Amino acid sequence: MVDFARVQKELHECNKDVQVSGIKVSPVGGDLSHLTGSIPGPTGTPYEGGIFQIDIKLADGYPFDPPKMRFTTKVWHPNISSQSGAICLDILKDQWSPALTLKTALLSIQALLSSPEPGDPQDAVVAQQYLKDHQTFLGTARYWTEAFAKTCGVEEKVKKLVEMGFPESLVRSTLEAVGGDENLALEKLCSG
C-alpha cells in the first residue's frame, strides 16, 4: 500500500522551493498515486529554457518500490526514449532506496539531462548520433526543446489550434497527452 502520508510530505517538500529549484509535483485529478512533475532544462545544455513534464506513477509498494517515471514532453537524449519517454536511470530501477524521494528522483533526472550516458542508452539512434555526430545531436536536442518544452511555444500552439475552432481546454489537454507535438494534437483533435 502506498504511504500517502509520506507522499503528501514529499509533495510539500517538492513545492516549497519551486522558485529556487524549478521542480514542481502535483497529483493528477487528486490521485496521490498518479502525479505529474516538471523540471527545468539545466543551464548550459541544449535543454536550457525548456520545462519538461514527467508522468509519475507510484506502485503499491512505494516508498520501498521505485516510482515509475516517464517524460510526457518529447526529449532528444540518449537515455530517454524519443518515442515513449521511458527513462534509463539506475535509481528508477535496481538502485532505488526508500531513503530517496520524488524530489531526489527528479533532481537525478535533471542531472541526467546534463550528463548523458550513451554507453547505456534507452534510445540507440540518439546515442549513436551523440557519439558519432555530436554537433547534429546538440542541434536536434535544442530544436526539440524549442518545439516541445518551451512554454511560449506551447501558448503559440494553443492559440493556433483555438483559432481553428477547437475549445481551449480540449486543446491544452490534447497537447499535453501528445507531449506538445502540434501535428499529433491536430490529428487527434480532428479524429474526434
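In the predicted model, the axes of helix H7 (residues 168–177) and helix H8 (residues 182–190) come within 9 Å and cross at roughly 125°. Helices (H or I, at least four residues) and strands (E, at least two) are DSSP runs, numbered from the N terminus. Axes are lines fitted to C-alpha atoms, for helices over the stretch in contact, and angles run from 0 to 180 degrees between N-to-C directions. H7 and H8 are therefore oblique to each other; angles under 35 degrees count as roughly parallel, over 145 as roughly antiparallel, 65 to 115 as roughly perpendicular and the rest as oblique. The crossing of H7 and H8 is right-handed, the near helix being turned clockwise from the far one by less than a right angle. Leu170, Val171, Thr174, Leu175 and Ala177 of H7 meet Glu182, Ala185, Lys188 and Leu189 of H8, where contact means heavy atoms within 4.5 Å. Six of these residues are nonpolar, one is polar and two are charged. In this classification, Ala, Val, Leu, Ile, Met, Phe, Trp, Tyr, Cys and Pro count as nonpolar, Asp, Glu, Lys and Arg as charged, and the others, Gly among them, as polar.

Residues are numbered from 1 along each chain as its sequence is written. Because the model is predicted, local features need pLDDT of at least 70 and side-chain atom pairs count only at pLDDT 80 or more, while totals for chains, interfaces and linings use all residues; side-chain values use heavy atoms, with hydrogens and water left out.

The contact involves Val126, Gln129, Tyr130 and Lys132 of H4, together with His134, Thr136, Phe137 and Thr140 of H5. By class, three of the residues in this contact are nonpolar, four are polar and one is charged.

Two loops were also examined. Pro63 is placed in the loop between strand E3 (51–57) and strand E4 (68–71), and the peptide bond from Tyr62 to Pro63 is cis, with omega near 15°. Lys74 lies in the loop between E4 and helix H3 (102–114). Apart from residues up to four places away in sequence, Lys74 touches Phe52, Ser82, Trp144, Phe148, Val178, Gly179 and Asp181. The C-alpha atoms of Lys74 and Thr145 are separated by 8.0 Å, although these residues are 71 residues apart along the chain.
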